[in-house]
Structure formats: structure tokens, C-alpha cells
Amino acid sequence: MIDTTSLLQRWSFLVCLVAITSTADAAEWHVDRKATNNVTFTSEVVTFSFEGTNDKVDGFLYWEGPGLFEGKPQLLFQVEVNAFGTGIGKRDSDMRDVLKADKHPLSTYKGTIIGHEAITDSSGVPTGQQHVRTRGTLGLAGVERSVDIDGIVAVGDSTATLQAEFNFRLAEFDIEAPSLAAFVKVSEQIDIAVDLSLKRVK
Amino acid sequence: MKFPMRIHALLLTLVVCSSGAWAQPSWQASETTIDLPVEILSALQMANLPTTTTLDQGDFFYEISHRFHPTVDEGYDANFGLDGPVSMRTAVSYGLADRWMLTVGRSNVLDNLDVTSKWRLYERDSASFPLALALSLGLALNSDLPAIVDRGATDADNFQFVAQAIANTVAMDGRLGLGLVPSYVHNSAIFAVDRQHTVTLGTYARFELNPMWGVFVEYSPALEGYQGILLPGETGRSHDSLSLGTALSTGGHDFYLFVTNNTRLNATQYLVGAPTDAAPKNWHLGFGITRHL
């Protein structure tokens, strides 16, 4: 006859083991806000191109299990819209108006990793970087859109870097391209470059 | 040693619950860190009067303004006011801090050179009654003196002082900007035997037709003090100033195109009043172009 107390003890031990093991293998990386981080946008218009930079970035990269991006990989990054600087205060102010920064001070990308592969050099030797494909929701000016964004992640023991480039059209976020001069408008397409430093959180 | 079953169940619950919590990222969103001035009016100045808006630290600003001397009423013979001569002002500003700026400007009227500093002192971001207050202090030197005036170019009598308190608010969902600018000019008549002063209440309203185009009106009555002539050879007295016209805002530029009875530009001269009254027959064309660099 089975001793129910003994059975419960064994199951308890197993559940504890699995729970502790799984949590011990979770990898969590936060944006290192003391390191160099940059999110840059570029608007390319003939004779009126300009770019804006922003170092007020925060967020995380997280997955469970011992393998790289193994279980439930998720990521979230956000930038302070008010922190974009284009070098001209008036243009920054106009941009904040267009992006409704008073009501939506953060632009956020929240998603998951849907694939990744190691990057190799010309000889086929892994460089230590991973080409990562993500799918998620990009929020800007109070509008959210589903997007796929690819990036390159290099994971070290305690630090990691993340680079990504993507673009979007202002109309996708219900933003009317503002004027730079009387008859010249900001480019409808905005190119984004992301360069982040992350640190592992124990 | 065997634990009682109840303790096992408790431990199991604790571990499962705890592991469930640990299986989520511990990241917490940080607070936003940027403290920006509350934007009441986007432009740094109207055609003649200042707003409470200041440059960001390190930004430059340039202004060129003209007031045509012929009146529109002179018709074709004066190209409807566009024939010269003109009074003109050029000025450069620099943002010393996010709420503190310095301006150096020059008018060809008496070669009036002014140095002005503007501080934004108070701001309230409120949906019902947004408000910003600023203070502008300036010193002006008039160095182009008529030959009949026996005085050196930098004589103390050629210096003027101006103080302006500025209040701005907006209404109608931000489309109507309003301003009050009580102003004081010390030594407002540099050729007077006794030291004069003038107190003027600058007022303005600017209505945005759309994000680019707007219309505005400025009215600046003198409340107290000197409102006589400004230049040797003038007769009569100065009059309350009126300007009305259109405003065009583009990325970095603000344009003002208007009619006015006041052809004087620098603050210590404009605030004394206009050479003629504000009847339509006395309207002159004027423009101001500013560039935020």
C-alpha cells in the first residue's frame, strides 16, 4: 500500500527542484543606464536631412532555461520621447508636439524573439554575435503597431550589446509629416538605429 | 525525521508561488527624467513684444525686422508702402540655460543697440489655465546723435533701461495664445532735459488657423509717463501702437507679415509709442523673420 505522506514528500522535492532549477537558469538583462546607449532617428529629405539622438533608454531582455533565448524569450525597450535632440531646440519642441510627448512621453517596443542564428565570419567561425528576429508591438504617439524588427545581440558573461536598424512610416502612427520650411516636409520614412549596452541581472 | 504533511504542503505552495513570481522579469520601468519647460506659445516673440518662451541652452536665434516708412495708403506712388526707406532691426539671441536667454539687437533708429536678458520664472501646466511668467531686462545705447546734440556717443544720457514682465496663457485648446507685457522704460526720451520714463501695457493675441498659419494682433497703450516725440524734427506726440497681421511658423522659422502704425523697433523706442495714430491711413507694412538655430 502506498504511503501518501511519503509520496507527497517525493513530489514536493521534485517540484521544488524543477522550480529552483528553472528559475536559476533564467537569464535577465537590463539596459545599463550608466553605459553608452543610443537611439537615433534619421529623416532623409534633400537638403533638409536631419537626425535626432536619445540616450534615455531603458528596458530588458529575458528568457528562461540554460540555452540562449530558450524559453519564453521576451524583450521590452522604451525611450523618452522628450529626450530626442536634433541640435535645434525649436525643432525638438515641434517634434515633441507632433509626437504628443506630453500625453505619451515614452515610445515602447515590446515583443518576443521568434528566431535567432549565430553569425559567422567569412571562414565560418562564429563571431559570438547572434542575428535575432523579434516580433512585437511598437508604440509611438499613442498608436501601437505590430512590427518585426531584426537585430544583432552579442552576449558575454555579464554584459551584452544589442544593435538594430529598422524604419517606419509616420502615417502608420497617424502622424502627419510636419514642415521643415514653408513647402518642405519631414520625410515620411523615418530610419531608426539602436545601439544598447545591457548588463546581466542576477 | 519526517515533517508533518501540513508543513510539506505549505512548503510546496511557497516554492511554487515563489518560482512563479521569479519566472517573470524583475525589470521595473524607470521614471521619465526630462524636465522640459511648459510650452505655452511656441514662438520666442511676437512682431514687437516678447513671449515667455526662451531658448534651450546652447541654441541660437536670429531676427531681422523691417518697418517700411511709406504708408500703404500712399498707393502706387509708394508701391503701396513697399518703397523705402525702412526702419530695421537685427538681433541675435543665445540660450544661456533652458529658461534663460540673452539677446543683442540693433536698430537703425538712432543706432539703438540693446542687450536684453529674459528669464522664465514660473510655469504651470494646467489644462484649464496654463500660465507662464517671464521677466525681461535690457539696456540700450543710442549712439547716432544729430549734430546739434553736443554729447558723446557713450554719454550716460544716451543709455536707456527697459524692464518687461511677461505673462502668457492659451485658450481654445491651445489655439488662442494671449499675452500681457507691462513694461517700463527708463530715460524714454534721450533728448529731454529731464529724465523721462514711460509705462506701457503690451498686449497681444495670436490665433492658430492651423499648425502653420495664424493671425495676430498687438496693442500697446502707454499708461503713464512720457509719450512725446522720439527724434529731433518730429512733431506732435507718440501714439498707442497697433499691429495686426499673419504669422507663419515652419520648422525653425517664424514669419510675421503685418500692418502697423509704429515704425520703431527696439523695445525702448517701440514702447514709447508710434509716430502716428492707428487710423488705417497711417498703416505701414512690416515684417519680422526669425530663425531658431
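Predicted model: local features only at pLDDT ≥ 70, side-chain atom pairs only at ≥ 80, totals over all residues.
Residues are numbered from 1 along each chain as its sequence is written, and chains are lettered from A in the order in which they are written. Local features require pLDDT of at least 70 and side-chain atom pairs count only at pLDDT 80 or more, while totals for chains, interfaces and linings use all residues; side-chain values use heavy atoms, with hydrogens and water left out.

Chain B contains two helices and 13 strands, taken as DSSP runs (H or I of at least four residues for helices, E of at least two for strands) and numbered from the N terminus. Its C-alpha trace spans about 115 × 45 × 30 Å along the principal axes, and its radius of gyration is 28 Å, whereas a compact globule of 293 residues would have a value near 19 Å (C-alpha atoms; the globule rule is 2.2 Å times the number of residues to the power 0.38). Of the 293 residues in chain B, 46% are buried, where buried denotes under 20% relative accessible area, exposed over 50%, and partly exposed in between (1.4 Å probe, protein chains only). Among the contacts in chain B with a separation of 6 or more, 57% are between residues 24 or more positions apart, a contact being heavy atoms within 4.5 Å.

Within this chain, B:His197 lies in strand β8, which covers residues 197-208, and is partly exposed because its relative accessibility is 26%. The side chain of B:His197 forms a polar contact of 2.8 Å with that of B:Glu224 (N or O atoms within 3.5 Å; within protein, one able to donate a hydrogen and the other to accept it, with residues adjacent in sequence counted only if both atoms are side-chain atoms). Beyond residues up to four places away in sequence, the residues touched by B:His197 include B:Tyr184, B:His186, B:Glu224 and B:Tyr226. By C-alpha positions, B:His197 and B:Val217 are 25 Å apart in space and 20 residues apart in sequence.

In chain A, A:Asp58 is located in strand β4 (residues 57-64) and counts as buried because its relative accessibility is 6%. Its side chain makes a polar contact of 3.1 Å with the side chain of B:Trp27, and the contacts of A:Asp58 outside four places in sequence include A:Arg33 and A:Phe77 as well as B:Gln28, B:Ala29 and B:Ser30. A:Gly142, by contrast, occupies the loop between β7 (126-140) and β8 (143-155) of chain A and is exposed, with a relative accessible area of 51%.
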